[in-house]
Amino acid sequence: MADELASGISELTALLLTGEEVGRSLCAVADIVVRMLPDHPMVGITLTRENGTIMGGSNAAHEMLMAESRFTEGYDPSLQAISTAQHISVPDVAAEQHWGGYSTRMLARGVKSIYAQPLSVDGKAVGALSLYSNRLNGFSDRTLAAATLTAEHLGVLLAVAFDTARQAELTEQLRATLASRSTIDQALGILMAEKRFDRDAAFEVLRGRSQQRNIRVADLAVEIIETVTGRRPAAPHFVEPQAPTGARRRS
């Protein structure tokens, strides 16, 4: 088990820290977890994000989970594990009455036991690692111990992946802001040269025109530059932060 866990954690690290959006990787994450765990149960991954809940499943579970997502009343073992930040064990789905028609639908798909372990990032449950079995009491102590350890590592990896995504988003926002500012500065320079305006007067003209036409100042600036130069303004160059090796890259 130790070798399978170590190998799986290495795969998960490589997958989740590549910079790809996490939501697109959930099925691949679930497939890796299946190989990591004793008895190789069906696996689902659920994440709660600002724009809603996303999920993915291992090869044997994905279709089942997608079908269930169309019928769920919005509460199931995975979501309960997230909302309570506690693991949820369902050794006999047939005896479970908490989630309306959920148990009936799971039984119809051959699922007889379920286990959901919350995934925590910075002390907050943001997702769940869920196991599904076609047997009653379908998870051994070894499987549950491995699932708990895997969930802990997934939480750490998700924290890094989310932080990386936030940093990338902030970087792109900064790039867009600087590019917009550069374009506006070029347009202001044109107005100042043509009309003998100072910078403040040129900006008031630019802003007034944008309000009259109901377009963004930056878009109007692009039009002014195109009219004068015959081409769209070139994107500004940004110097990337220096890499640890001392290499410097330009975008």
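**Exercise 1.** Work out whether Glu204 is buried, partly exposed or exposed, then find its salt-bridge partner.

*Solution.* Start with the area: Glu204 has a relative accessible area of 43%. Buried means under 20%, exposed over 50%, and partly exposed in between (1.4 Å probe, protein chains only), so Glu204 is partly exposed. Before going on, keep in mind that this is a predicted model, where local features need pLDDT of at least 70, side-chain atom pairs count only at pLDDT 80 or more, and totals for chains, interfaces and linings use all residues. Also, residues are numbered from 1 along each chain as its sequence is written, and side-chain values use heavy atoms, with hydrogens and water left out.

Next, the partner: Glu204 meets Arg207 in a salt bridge, 2.5 Å from N to O. The term asks for a side-chain nitrogen of Lys or Arg within 4 Å of a carboxyl oxygen of Asp or Glu. Arg207 is partly exposed too, at 35% relative accessibility. Finally, the spacing: both sit in helix α7 (residues 199–213), and because they are three residues apart, about one helical turn separates them. Helices here are DSSP runs (H or I, at least four residues), as are strands (E, at least two), numbered from the N terminus.

**Exercise 2.** Which parts of the chain does the pair of Arg35 and Glu11 link?

*Solution.* First check the contact: the side chains of Arg35 and Glu11 form a salt bridge at 2.7 Å, N to O. Then place the ends: Arg35 belongs to helix α2 (residues 26–36) and Glu11 to helix α1 (residues 2–16), so-called distant parts of the chain, 24 residues apart.

**Exercise 3.** Classify the aromatic pair.

*Solution.* The structure holds one such pair. Rings of Phe, Tyr and Trp (its six-membered ring) pair if their centres lie within 6.5 Å; planes under 30 degrees apart are stacked, over 60 edge-to-face, the rest tilted. Trp99 and Tyr102 have ring centres 6.0 Å apart and planes at 80°, so they are edge-to-face. Trp99 is buried at 5%, and Tyr102 is buried at 3%.
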